Amino acid sequence: MSRLTVVIPTHNRPAMMQEAYGSAKNQAEIAIINSGDHTSVHASLAKKVVSYNYIPERDEGPSVLSWLVGVAAARTEYVTILYDDDALEPEFAERMMALIDETRADVAFCNGTICRPDGTTQTNLQIEAPRGVVFRDQMIDAIASMQFTVTPACCVFRRETVLDHLHPGRIGRMPRGLAGPDKLLLLLALHDARVVAWEPASLVQLRAHAGSCTCSTPEDVLTERYRVAVETYRLLTRGRI
C-alpha cells in the first residue's frame, strides 16, 4: 500500500486532468475532487482512483473545500495537493518519501519548474540549500516573500496537519480561489513542523497557460491575495515573521 496520496482538485479541464492523473497514478494513491462538469473522462477515472468526489461549485473553479474533501478521503499518512494543470515528475514520490524517511521531517519541499506558453522555464523556489534538513524560518521567509506561483504540489505534508489547517476558521476565511490559500497552507504547515526537509531538484512541472493563475490573474490581484495570506498567517500565529 502506498504511503502517499495525491489529491487532485479539478474544474473543467479534462485534457489537463488526464495528464496530471497520468503523472501521479504509478506513484501514489489518487483522490480526485471534481467541481466542474461530469465528463466521460472523469467518469472513467472515477473507477481507477481511491476516492472520487463531485462538488457542485460556481464557475470560478475549485475552492479549498475541494482540498478538504480530498485530504479527508486519503488513507495514507502523507498527502500532496496537485492542481489539475500541473504534473509530477516520475521520481517525485520516491525521492520525497526517501527524504522524509532520512530526515524524519514533518513537511518536505521540493523545487518545481514553471513552464510558460512561450517555451521558457523558471525555477520556482530560489533557495540556496543542499538536500536535507533546512531551517524552518528560512523556508517561511522564502514562501512569505514569493510573489508568484506558490503550490502545495511541491510539498509533502502529514495528512493530519493539512486537515488541522483546512477548517473554516483558518483557510476557509480566505478569498475564493486557490491563489492565497495555497501560500497560507504552506506557511501554517511550516509553522507547526518540528523538522523541515528540502529537495533542490525540480520534481514538479508547473504549467502556466491562459487559464492558469500564473497567466490569467492580474499581478496586482495576486500581490494582494498573497499579502492577505501573509497577514492572515501573522494573525493566526500571533505575529510570527
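Which residues are buried in H5? In this helix, Met139, Ile140, Ala142, Ile143 and Ala144 are buried. Buried denotes a relative accessible area under 20%, exposed over 50%, and partly exposed anything in between, for a 1.4 Å probe and protein chains only. Helices (H or I, at least four residues) and strands (E, at least two) are DSSP runs, numbered from the N terminus.

The model is predicted: local features need pLDDT of at least 70, side-chain atom pairs count only at pLDDT 80 or more, and totals for chains, interfaces and linings use all residues. Residues are numbered from 1 along each chain as its sequence is written, and side-chain values use heavy atoms, with hydrogens and water left out.

The chain contains 9 helices and 10 strands. Of its 241 residues, 54% are buried. Contact is defined as heavy atoms within 4.5 Å. Among contacts with a separation of 6 or more, 77% join residues 24 or more positions apart.

H5 spans residues 136-145. Two packed helices are described by the angle between their axes and the distance between the axes. For H5 and H7, the angle is about 170° and the axes are 10 Å apart. Axes are lines fitted to C-alpha atoms, for helices over the stretch in contact, and angles run from 0 to 180 degrees between N-to-C directions. H5 and H7 are therefore roughly antiparallel. That term applies to angles over 145 degrees; under 35 counts as roughly parallel, 65 to 115 as roughly perpendicular and the rest as oblique. H5 contributes Arg136, Met139, Ile140, Ile143, Ala144 and Ser145 to the contact. H7 contributes Lys183, Leu186, Leu187, Leu190 and His191.

Helix H3 covers residues 64-73, and Val64, Ser66, Trp67, Gly70 and Val71 are buried there. They lie on the same side of H3, because their arc around the axis is only 145°. The arc is taken over the directions from the helix axis to the C-beta atoms. These buried residues pack against strands S1 (4-10), S2 (29-34) and S4 (78-81), and against helices H6 (159-165) and H7 (181-192). Ala72 also lies in H3. This residue is partly exposed, with a relative accessible area of 41%. Beyond neighbours within four places in sequence, Ala72 is in contact with Arg159 and Leu163.

Leu222, Tyr226, Ala229, Val230, Thr232 and Tyr233 are the buried residues of H9. Their arc of only 160° puts them on the same side of the helix. Asp220 and Leu235 are exposed on the other side. Arg238 follows H9 and has a positive phi, near 60°.

Ser202 is in strand S10 (residues 196-207). Its relative accessible area is 27%, so Ser202 is partly exposed. Ser202 and Asn111 are 91 residues apart along the chain, yet their C-alpha atoms are separated by 4.4 Å. Not counting residues up to four places away in sequence, Ser202 touches Glu89, Asn111, Gly112 and Thr113.
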